[in-house]
Amino acid sequence: MATVASTPSADTLPKRANPLWQFVKVQPLGVIGFLIILVYAACAIGAGWIAPYDPEEIDFAAMLGAPSAQHFFGTDQYGRDVFSRIVYGSRTALAVGILSAVFGCTVGAFIGAASGYFGGRIDNFIQRIVDIMLSFPIIVLAMVVVAVLGKRQALGIDWNLIAAIALPIIPKMARVARSSTLSIVAMPFIDAARAAGFSHKRIIMRHILPNIVAPYLIMVTAFMAQAILLEASLSFLGLGVTEPTPAWGLMLSGTSADFYQTAPWMILFPGLAITLAVFAFNLFGDSLRDWLDPKLKS
Amino acid sequence: MIWYIIRRLLLVIPTLIGVAVAVFFLIRVMPGDVVVVKLRADGANVSDEMIEAERKRLGLDKPLYAQFADYMVGLAHFDLGKSLWTGESVNKEIALRVPVSFQIALMASIIAVLIAIPLGTISALYRDTWIDHGVRVLAVSGLAIPSFWLGMLIIMTLLLMFNWLPKIGYVSLWQDPIANLSVTIWPALSVGYRYAAVATRMMRSSLLEVMREDYIRTARAKGVWTRLIMRRHALRNAMLPVVTVIGLEFAFLIGGLVVTEQVFNINGIGKLFVDATTRGDFNLIQGLVLFIATMFIFVNLVVDLLYAWLDPRIRLS
């Protein structure tokens with residue numbers, strides 16, 4: 001009777017590394033970035049429990065108060081608690097930042113994938129439009145959209161502001177998605193799919209898009225940082241979120257020279273909140289890029 | 001080289017026309033009515049007749065192709081129309097504000113290069129030491145700090161430490177250089193920091209890459225003095241990518257200017273753009289966007305040409 005070779009038991013096989021643990025070991029800075037993002041997310045979701053005051057509550061008895069045990073970050077010219085406004089402001093920042101980055105990158109990915117997949121005239125046409133859109137600095141394009149569309153508030157979010165920030169992201173993502181698609185289209189499995197008679201829609205949806213998830217994730221996190229910065233800039237200029245909604249850029253807007261001297265905390269803390277958030281998304285995005293796509297690193 | 005320049009110049013023309021068309025369509029064809037947005041802002045009660053009259057006054061009642069024809073004919077004469085707010089010609093409004101913005105942009109670039117080249121070089125030479133870590137932290141924060149907040153911090157420091165504020169109002173550099181610089185240096189610093197940060201990172205990584213090249217090893221093997229290797233071989237080649245940064249960062253420079261001019265109350269292109277946007281002055285917005293996009297295209301063209309001049313492999317391929 002021939003002996004059947006027994007399959008190696010589980011403990012003789014090399015253990016497959018846990019990808020999450022790998023990330024933590026190789027990219028400690030990315031983990032720090034991610035933890036900071038988690039803190040902001042907790043602030044955004046649990047703002048009602050974390051913030052000690054109502055962010056819109058005006059209290060003239062506590063105007064321009066310095067940081068103290070009652071008001072950690074002091075109060076503004078209307079006596080509103082700066083700490084509570086920053087906590088609630090993370091809602092605006094994250095909602096606008098995440099939604100516009102996801103929205104812009106998703107549209108861009110579809111356009112780029114279609115451009116790379118179809119090639120020829122369609123590709124040429126799309127690429128010329130992308131070229132033109134890339135000739136506008138991001139903030140310029142966003143400001144034009146804000147000026148033309150005005151505001152459209154729903155669910156507490158200004159959707160036109162999100163559209164304004166998402167629009168400049170589309171051509172950048174389309175570029176990246178196109179070049180990734182071009183290398184995928186050259187692969188044999190696409191030929192196989194074509195030979196099997198699959199429709200264009202099915203090939204794009206089932207074979208191309210799942211293969212550009214890595215650059216998509218990298219771009220989404222990178223653009224979240226930029227979108228937060230852009231939202232803060234627009235709100236600062238009075239073109240983004242408007243009073244009394246708490247938003248970091250808006251908190252810095254309209255601060256006159258008097259406040260610089262008498263209430264520097266009004267300027268210090270909202271700016272720190274923006275800087276730390278952008279820093280965290282950048283840190284996490286860079287690590288994610290190095291980890292998902294070592295080729296891009298060089 | 002001449003043929004390369006001509007070819008690149010010709011390629012700019014279709015992009016410029018495309019940009020002009022895109023600006024037109026962005027403003028008129030996007031959902032949302034510019035007149036309604038302008039007149040009914042803040043929920044003002046404006047009758048439909050008034051909106052119609054305003055539309056007629058601005059020539060927005062004409063069919064789209066007629067509007068487009070007017071616009072293109074104007075552009076062919078380099079005429080950007082009149083501001084809806086002041087009635088002044090858009091060309092004039094822009095020309096008035098260009099000098100101060102241009103000066104700040106140029107100063108920011110100079111500051112950036114002056115900081116980035118030595119810092120990037122030191123960082124690369126002392127790789128993975130505390131000097132390198134310090135420089136990298138400085139560079140990473142440059143990407144995260146909003147330029148307008150940095151500007152506010154500068155004002156705050158000046159006020160709290162010296163009880164002094166830069167004067168409002170721009171004096172030409174040739175008239176009174178000291179007064180001019182005391183106004184422009186602060187916005188240039190706040191915009192230049194991000195610029196310097198990006199360029200420092202680029203300088204560091206490109207120098208590290210060049211130092212691994214064979215010709216550096218050969219020079220070392222020949223016994224060439226390290227300082228000479230750096231000056232003659234490494235730095236020259238490492239500077240190439242830094243030139244690219246100038247083009248890439250121009251968009252951020254404009255973005256920084258738009259917001260930072262507001263902080264320092266400087267009456268430049270950025271402030272004009274913000275004012276035009278808040279007032280809904282669509283002719284002015286249209287003219288400014290065209291102007292900025294044209295500048296952007298030309299800066300990138302100059303960078304490409306500079307690159308080709310510095311690296312013959314590009315123009316010959």
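Me: Which residues does Ala142(A) touch, not counting residues up to four places away in sequence?

Reply: Two residues are in contact if their C-beta atoms, placed from the backbone, lie within 7 Å. In this predicted model, where local features need pLDDT of at least 70, side-chain atom pairs count only at pLDDT 80 or more, and totals for chains, interfaces and linings use all residues, the numbering of residues runs from 1 along each chain as its sequence is written. Chains are lettered from A and ligands numbered from 1 in the order in which they are written. With neighbours up to four places away in sequence left out, Ala142(A) touches Ala164(A), Ile165(A), Pro168(A), Leu230(A) and Leu234(A).

Me: Which residues have the most contacts inside the largest nonpolar core?

Reply: A nonpolar core is a set of buried Ala, Val, Leu, Ile, Met, Phe, Trp, Tyr and Cys residues joined through C-beta atoms within 7 Å. A residue is buried if 20 or more other C-beta atoms lie within 10 Å of its own, exposed if 12 or fewer, and partly exposed in between. The largest core here has 155 residues, and those with the most contacts inside it are Ala142(A), Val144(A), Ile228(A), Ala199(B), Leu288(B) and Val289(B). Its largest share, 16 residues, comes from helix α4 (residues 82–118) of chain A.

Me: Is Asp214(B) buried or exposed?

Reply: Asp214(B), which lies in helix α9 (residues 214–221) of chain B, counts as exposed because 7 other C-beta atoms lie within 10 Å. In chain B as a whole, 35% of the 317 residues count as buried.

Me: How many helices and strands does chain B have?

Reply: Helices (H or I, at least four residues) and strands (E, at least two) are DSSP runs, numbered from the N terminus. The secondary structure of chain B comes to 13 helices and zero strands. One of these helices, α5 (residues 90–125), has 36 residues and reaches 51 Å from its first C-alpha to its last, close to the 52 Å expected at 1.5 Å a residue, the expected span being 1.5 Å times one less than the number of residues.

Me: How many residues does each chain bring to the contact?

Reply: The contact takes 41 residues from chain B and 35 residues from chain A. On the side of chain B that touches chain A, the largest share, seven residues, comes from α7(B). By class, that side has 32 nonpolar, nine polar and no charged residues, where Ala, Val, Leu, Ile, Met, Phe, Trp, Tyr, Cys and Pro count as nonpolar, Asp, Glu, Lys and Arg as charged, and the others, Gly among them, as polar.
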